[in-house]
Amino acid sequence: MIAAALLVALLALGVSPISAALDPPADCAQVPAAASIQKLLADGDFDGLDRLASRARDCKAETPDGLRALDAFYSRVVNLDPESTDSRHKDLIKRFEKWTKAKPQTAAPHVALAMTYTSFAWKGRGRGVGSTVTAQGWELFK
(Lines give C-alpha, C1' and ligand atoms only; values in the text may rest on other atoms or scores of the structure.)
Protein backbone atom coordinates (compact mmCIF):
# COMPACT_ATOMS: atom_id res chain seq x y z
CA MET A 1 0.00 0.00 0.00
CA ILE A 2 2.79 2.47 0.93
CA ALA A 3 4.79 1.49 -2.14
CA ALA A 4 1.78 2.13 -4.37
CA ALA A 5 1.21 5.53 -2.76
CA LEU A 6 4.88 6.41 -3.27
CA LEU A 7 4.68 5.37 -6.91
CA VAL A 8 1.58 7.52 -7.46
CA ALA A 9 3.27 10.48 -5.75
CA LEU A 10 6.42 10.13 -7.86
CA LEU A 11 4.43 9.88 -11.07
CA ALA A 12 2.31 12.91 -10.09
CA LEU A 13 5.52 14.89 -9.63
CA GLY A 14 6.77 13.75 -13.02
CA VAL A 15 9.59 11.72 -11.50
CA SER A 16 10.33 8.32 -12.93
CA PRO A 17 10.52 5.75 -10.12
CA ILE A 18 13.58 4.28 -11.79
CA SER A 19 15.48 7.58 -11.82
CA ALA A 20 14.32 8.36 -8.28
CA ALA A 21 15.94 5.14 -7.11
CA LEU A 22 19.17 5.98 -8.92
CA ASP A 23 19.42 9.61 -7.86
CA PRO A 24 22.18 10.34 -5.35
CA PRO A 25 21.20 11.50 -1.87
CA ALA A 26 20.21 15.15 -1.55
CA ASP A 27 23.25 15.86 0.64
CA CYS A 28 25.73 14.57 -1.94
CA ALA A 29 26.82 18.14 -2.70
CA GLN A 30 28.20 18.46 0.84
CA VAL A 31 31.85 18.01 -0.10
CA PRO A 32 34.17 18.00 2.93
CA ALA A 33 36.35 21.03 3.57
CA ALA A 34 39.77 21.21 1.93
CA ALA A 35 41.49 20.52 5.26
CA SER A 36 39.62 17.23 5.68
CA ILE A 37 40.40 16.15 2.14
CA GLN A 38 44.05 17.19 2.51
CA LYS A 39 44.26 15.07 5.68
CA LEU A 40 43.04 12.02 3.76
CA LEU A 41 45.70 12.71 1.15
CA ALA A 42 48.44 13.22 3.75
CA ASP A 43 47.41 10.00 5.52
CA GLY A 44 47.43 8.06 2.25
CA ASP A 45 43.74 7.19 2.66
CA PHE A 46 43.22 6.58 -1.04
CA ASP A 47 40.07 4.52 -0.46
CA GLY A 48 38.53 7.46 1.39
CA LEU A 49 39.51 9.85 -1.39
CA ASP A 50 38.11 7.48 -4.01
CA ARG A 51 34.80 7.26 -2.11
CA LEU A 52 34.54 11.05 -2.00
CA ALA A 53 35.41 11.37 -5.70
CA SER A 54 32.89 8.69 -6.68
CA ARG A 55 30.14 10.29 -4.62
CA ALA A 56 30.91 13.72 -6.09
CA ARG A 57 31.02 12.27 -9.63
CA ASP A 58 27.54 10.77 -9.21
CA CYS A 59 26.08 13.94 -7.69
CA LYS A 60 24.06 16.22 -9.96
CA ALA A 61 23.51 18.88 -7.31
CA GLU A 62 25.62 21.98 -6.79
CA THR A 63 27.53 22.83 -3.64
CA PRO A 64 26.39 25.84 -1.63
CA ASP A 65 29.04 27.96 -3.42
CA GLY A 66 27.62 27.01 -6.84
CA LEU A 67 30.18 24.42 -7.95
CA ARG A 68 29.41 20.95 -9.17
CA ALA A 69 30.34 18.53 -6.40
CA LEU A 70 33.09 16.98 -8.54
CA ASP A 71 34.64 20.39 -9.30
CA ALA A 72 34.56 21.19 -5.58
CA PHE A 73 36.23 17.86 -4.76
CA TYR A 74 39.09 18.42 -7.23
CA SER A 75 39.53 22.03 -6.15
CA ARG A 76 39.89 20.88 -2.56
CA VAL A 77 42.11 17.86 -3.20
CA VAL A 78 44.52 19.83 -5.41
CA ASN A 79 44.16 22.93 -3.20
CA LEU A 80 46.56 25.24 -5.03
CA ASP A 81 46.41 28.98 -5.52
CA PRO A 82 48.48 31.37 -7.66
CA GLU A 83 50.88 31.92 -4.77
CA SER A 84 51.55 28.22 -4.12
CA THR A 85 55.25 27.44 -3.95
CA ASP A 86 57.20 25.08 -6.18
CA SER A 87 57.68 22.80 -3.18
CA ARG A 88 53.89 22.65 -2.64
CA HIS A 89 53.42 21.61 -6.29
CA LYS A 90 56.19 19.00 -6.04
CA ASP A 91 54.76 17.60 -2.80
CA LEU A 92 51.32 17.21 -4.38
CA ILE A 93 52.82 15.59 -7.48
CA LYS A 94 54.52 12.98 -5.27
CA ARG A 95 51.31 12.31 -3.34
CA PHE A 96 49.20 12.02 -6.50
CA GLU A 97 51.77 9.74 -8.13
CA LYS A 98 51.61 7.51 -5.04
CA TRP A 99 47.80 7.51 -5.22
CA THR A 100 47.96 6.71 -8.95
CA LYS A 101 50.27 3.75 -8.33
CA ALA A 102 48.05 2.47 -5.53
CA LYS A 103 44.84 2.87 -7.57
CA PRO A 104 45.81 2.83 -11.28
CA GLN A 105 42.26 2.06 -12.48
CA THR A 106 40.74 5.01 -10.62
CA ALA A 107 40.31 8.28 -12.52
CA ALA A 108 40.56 10.68 -9.57
CA PRO A 109 44.32 10.51 -8.91
CA HIS A 110 45.08 10.88 -12.63
CA VAL A 111 42.86 13.96 -12.88
CA ALA A 112 44.35 15.50 -9.72
CA LEU A 113 47.88 14.83 -11.00
CA ALA A 114 47.07 16.43 -14.37
CA MET A 115 45.58 19.47 -12.65
CA THR A 116 48.70 19.85 -10.52
CA TYR A 117 51.06 19.57 -13.50
CA THR A 118 48.96 22.14 -15.37
CA SER A 119 49.07 24.54 -12.44
CA PHE A 120 52.84 24.06 -12.11
CA ALA A 121 53.33 24.72 -15.84
CA TRP A 122 51.36 27.96 -15.67
CA LYS A 123 53.29 29.01 -12.58
CA GLY A 124 56.54 28.59 -14.52
CA ARG A 125 55.21 30.37 -17.61
CA GLY A 126 53.59 33.27 -15.81
CA ARG A 127 50.15 34.75 -16.39
CA GLY A 128 51.06 37.44 -18.91
CA VAL A 129 50.28 37.42 -22.61
CA GLY A 130 52.50 35.22 -24.78
CA SER A 131 54.73 38.06 -25.95
CA THR A 132 55.75 38.83 -22.35
CA VAL A 133 56.81 35.26 -21.48
CA THR A 134 60.55 34.75 -21.18
CA ALA A 135 62.41 31.91 -22.86
CA GLN A 136 62.85 30.34 -19.41
CA GLY A 137 59.11 30.70 -18.79
CA TRP A 138 58.31 28.87 -22.03
CA GLU A 139 60.79 26.13 -21.15
CA LEU A 140 59.18 25.66 -17.74
CA PHE A 141 55.76 25.63 -19.40
CA LYS A 142 56.83 22.76 -21.68
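Reader: In which helix is Lys39 found?
Author: Lys39 sits in helix α3 (residues 34-42), where a helix is a DSSP run of H or I with at least four residues, numbered from the N terminus. This is a predicted model, so local features need pLDDT of at least 70 and side-chain atom pairs pLDDT 80 or more, while totals for chains, interfaces and linings use all residues. Residues are numbered from 1 along each chain as its sequence is written, and side-chain values use heavy atoms, leaving out hydrogens and water.

Reader: Why is Lys39 called exposed?
Author: Lys39 has a relative accessibility of 52%, and exposed means over 50%, buried under 20%, and partly exposed in between (1.4 Å probe, protein chains only). Lys39 therefore counts as exposed.

Reader: What makes the meeting of Lys39 and Asp43 a polar contact?
Author: Their side chains come to 2.7 Å. The rule asks for a pair of N or O atoms within 3.5 Å; within protein, one must be able to donate a hydrogen and the other to accept it, and residues adjacent in sequence count only if both atoms are side-chain atoms. Lys39 and Asp43 make such a polar contact.

Reader: And Gln38, buried or exposed?
Author: Gln38, also found in helix α3, has a relative accessible area of 14%, so Gln38 is buried.

Reader: Which residues does Gln38 touch?
Author: Leaving aside residues up to four places away in sequence, Gln38 touches Arg76, Val77, Val78, Asn79, Arg88 and Leu92, with contact meaning heavy atoms within 4.5 Å. Gln38 and Arg76 are 38 residues apart along the chain, yet their C-alpha atoms are separated by 7.5 Å.

Reader: Why is α4 called roughly perpendicular to α7?
Author: The axes of helix α4 (residues 46-58) and helix α7 (residues 107-125) come within 9 Å and cross at roughly 90 degrees. Angles of 65 to 115 degrees count as roughly perpendicular, those under 35 as roughly parallel, those over 145 as roughly antiparallel and the rest as oblique, which makes α4 roughly perpendicular to α7.

Reader: Which residues make that contact?
Author: Asp50, Ala53 and Arg57 come from α4, and Ala107, Ala108 and Pro109 from α7. The residues of this contact divide into four nonpolar, no polar and two charged.

Reader: How do you know that Phe46 and Trp99 are stacked?
Author: Their rings lie 6.1 Å centre to centre, with 5 degrees between the planes. Rings of Phe, Tyr and Trp (its six-membered ring) pair if their centres lie within 6.5 Å; planes under 30 degrees apart are stacked, over 60 edge-to-face and the rest tilted. Phe46 is in helix α4 and Trp99 in helix α6 (residues 86-102), so the pair ties together parts that are 53 residues apart in sequence. Both Phe46 and Trp99 are buried, and ring pairs link Phe46, Phe96 and Trp99 into a cluster.

Reader: What makes Trp122 and Phe141 an edge-to-face pair?
Author: Their centres are 5.0 Å apart and their planes 75 degrees, which gives an edge-to-face pair. Trp122 belongs to helix α7 and Phe141 to helix α8 (residues 135-141), so this pair ties together parts that are 19 residues apart in sequence. Trp122, at 32% relative accessibility, counts as partly exposed, and Phe141, at 28%, counts as partly exposed.

Definitions and conventions. Axes fitted to C-alpha atoms, helices over the stretch in contact; angles between N-to-C directions. Helix = DSSP H or I, 4+ residues; strand = E, 2+ residues; numbered from the N terminus. Nonpolar A, V, L, I, M, F, W, Y, C, P; charged D, E, K, R; others polar.
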